[in-house]
Amino acid sequence: MNADAVVLDVDGVLVDVADSYRQAIVDSIEHVYDRTIRKPDIQQFKDAGGFNNDWELTYAAALYVLATNEGYRDSIDDFTDRIAAEGGGLEAAETVIRDAIGARATQRVTERWDTDRLRDVFQQLYLGADLYRGIEGGDPDLETRGFIHDEPVLLEDEARETLLANYDVGILTGRPEPEAEIALDRVGLDDEIPVEHRFTMDDWEEGKPHPRALVTLAERFEADSVAFVGDTLDDVRTAVNANEADADREYHGIGVLTGGLTGEEGRRKYEAEGAAAVLDSVNEVPDLLEE
C-alpha cells in the first residue's frame with residue numbers, strides 16, 4: 001500500500017474513548033430520563049452509519065428509550081438495522097420511530113425529547129465543570145471531574161515520530177475543535193499538525209462518510225495516495241466514497257480494532273465495507289505503509 005499522506009481519526013485511534021465519550025452517552029440519557037441503553041449498544045448505532053456526532057447518537061438513543069414507553073417493541077439491534085436501511089443518522093431514527101408507533105405517540109415522545117438538555121448534560125459529564133466553563137461559556141449545574149480525563153493514549157511515541165518523519169499527516173475527526181485540540185496535545189500532535197491540515201466538527205457540515213473533508217486534505221497535501229485511519233465503518237466508507245468522488249487519487253481506508261469494533265467480528269465488518277487493511281492499532285500503520 002503506497003501513501004503520500006496519512007489522515008488520522010482521533011477517537012478510538014489516537015485516544016481510547018470507551019470511558020469518556022461513550023460513557024457520557026449512556027450517563028446523559030440516564031441523568032435526563034432515569035433509563036438508558038447499555039454501553040455495548042452504542043456500537044450498533046455507529047455501525048448503522050450517520051452517527052459520527054456523538055451528540056446525535058445520544059439523541060437517537062434517548063429517542064429509542066422514550067419510544068419504548070409508547071409501545072415501541074423492537075430491540076436495539078432491530079432499531080439500528082432499520083436506521084441503516086433508512087440511510088443512517090438521526091433523521092432516519094426519527095422516521096423509524098414515527099413509522100412504528102404512529103403520529104400521536106410520536107408527538108408524545110418528541111414533547112419529552114429534550115435534545116438541548118441532553119447535549120448540555122453530555123458536555124458537563126464529558127468536560128467536567130472547569131472545562132465546561134471555559135469551552136461552553138456557562139456555569140454547570142453538575143460538579144463533575146470530566147470523562148475527558150479518562151482517555152488513555154493509543155498512539156505510541158515511535159509510531160508518531162515515524163509517521164511525522166515520512167508522511168504528510170492530517171486529522172479528520174467528528175470532535176469539536178477545542179476537544180480535538182485537547183486530545184492532539186495529549187498525544188503530541190497539536191504542535192505538529194497545522195490547522196489547515198485538520199478537519200473537525202466545526203469545519204464541515206456533512207460529516208462522515210461524506211468525502212469532502214478527506215478529498216480537501218488530499219488536495220492540500222498534493223498527495224497522489226492517502227491512507228485514512230479510523231475506528232468505525234463510516235471512516236472506511238469515507239475513504240470508499242472519496243475514491244468514487246476523486247478519480248485523480250487513491251484513498252485507502254484502514255480500520256483499527258481499538259474502538260468499538262474488535263476481534264474477528266470487527267475485522268469482518270471492516271472488510272465488508274471495503275477496508276484496504278484492518279490493524280490491531282494505529283501503531284501498526286508505519287509498518288504497513290513501509291511494506
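Is Asp-287 buried, partly exposed or exposed, and what is its relative accessibility? In this predicted model, Asp-287 has a relative accessibility of 47% and therefore counts as partly exposed, since exposed requires over 50% and buried under 20%. Asp-287 lies in helix H12, which covers residues 285-290. On the surface, Asp-287 belongs to a patch of negative charge that also contains Glu-156, Glu-158, Glu-284, Glu-290 and Glu-291.

The overall fold may be considered next. The chain contains twelve helices and six strands. Its radius of gyration is 19 Å, which agrees with the value near 19 Å that a compact globule of 291 residues would have. The C-alpha trace spans about 55 × 40 × 30 Å along its principal axes, and buried residues account for 55% of the 291 residues.

Between helix H1 (21-33) and helix H2 (42-48), the loop includes Asp-34. The phi angle of Asp-34 is near 65 degrees, a positive value in a residue other than glycine, and Asp-34 is exposed, with a relative accessible area of 61%. In the loop between strand E3 (198-199) and helix H9 (212-221) lies Pro-209, which is joined to Lys-208 by a cis peptide bond with omega of about 15 degrees. The loop between H9 and strand E4 (225-230) holds Glu-222. Glu-222 also has a positive phi, near 55 degrees, in a residue other than glycine; Glu-222 is exposed at a relative accessible area of 68%.

The charged side chains complete the picture. Side chains of opposite charge can pair when their charged atoms come close. The model has a count of 28 salt bridges. One of them links Arg-38 and Asp-41, with the closest N and O atoms 2.8 Å apart. Arg-38 is exposed, with a relative accessible area of 52%, whereas Asp-41 is buried, at 8%.

Helix H11 (residues 263-272) contains both Arg-267 and Glu-264, three residues apart, about one turn of the helix. Their side chains meet in a salt bridge at 3.8 Å, N to O; Arg-267 is partly exposed at 22% relative accessibility, and Glu-264 is exposed at 59%. Glu-265 and Lys-269 also both lie in H11, four residues apart, about one turn of the helix. The N to O distance in the salt bridge between Glu-265 and Lys-269 is 3.6 Å. Glu-265 is partly exposed at 46% relative accessibility, and Lys-269 is partly exposed with a relative accessible area of 22%. Elsewhere, salt bridges with shared partners connect Asp-11, Glu-151, Arg-175 and Arg-186 into one network.

Key
Residues numbered from 1 in each chain as written. Predicted model: local features only at pLDDT ≥ 70, side-chain atom pairs only at ≥ 80, totals over all residues. Heavy atoms only, no water. Patch = residues over 30% accessible without salt bridge, like charges linked within 9 Å, V, L, I, M, F, W, Y side chains within 5 Å. Areas by Shrake-Rupley, 256 points an atom, 1.4 Å probe, with all protein chains shown as cover. Salt bridge = Lys/Arg side-chain N within 4 Å of Asp/Glu carboxyl O. Lys, Arg positive; Asp, Glu negative; His and termini not counted. Charge placed at Lys NZ, Arg CZ, Asp CG, Glu CD. Helix = DSSP H or I, 4+ residues; strand = E, 2+ residues; numbered from the N terminus. Buried < 20%, exposed > 50% of the residue type's maximum accessible area, 1.4 Å probe, protein only. Rg over C-alpha atoms; globule rule 2.2 N^0.38 Å.
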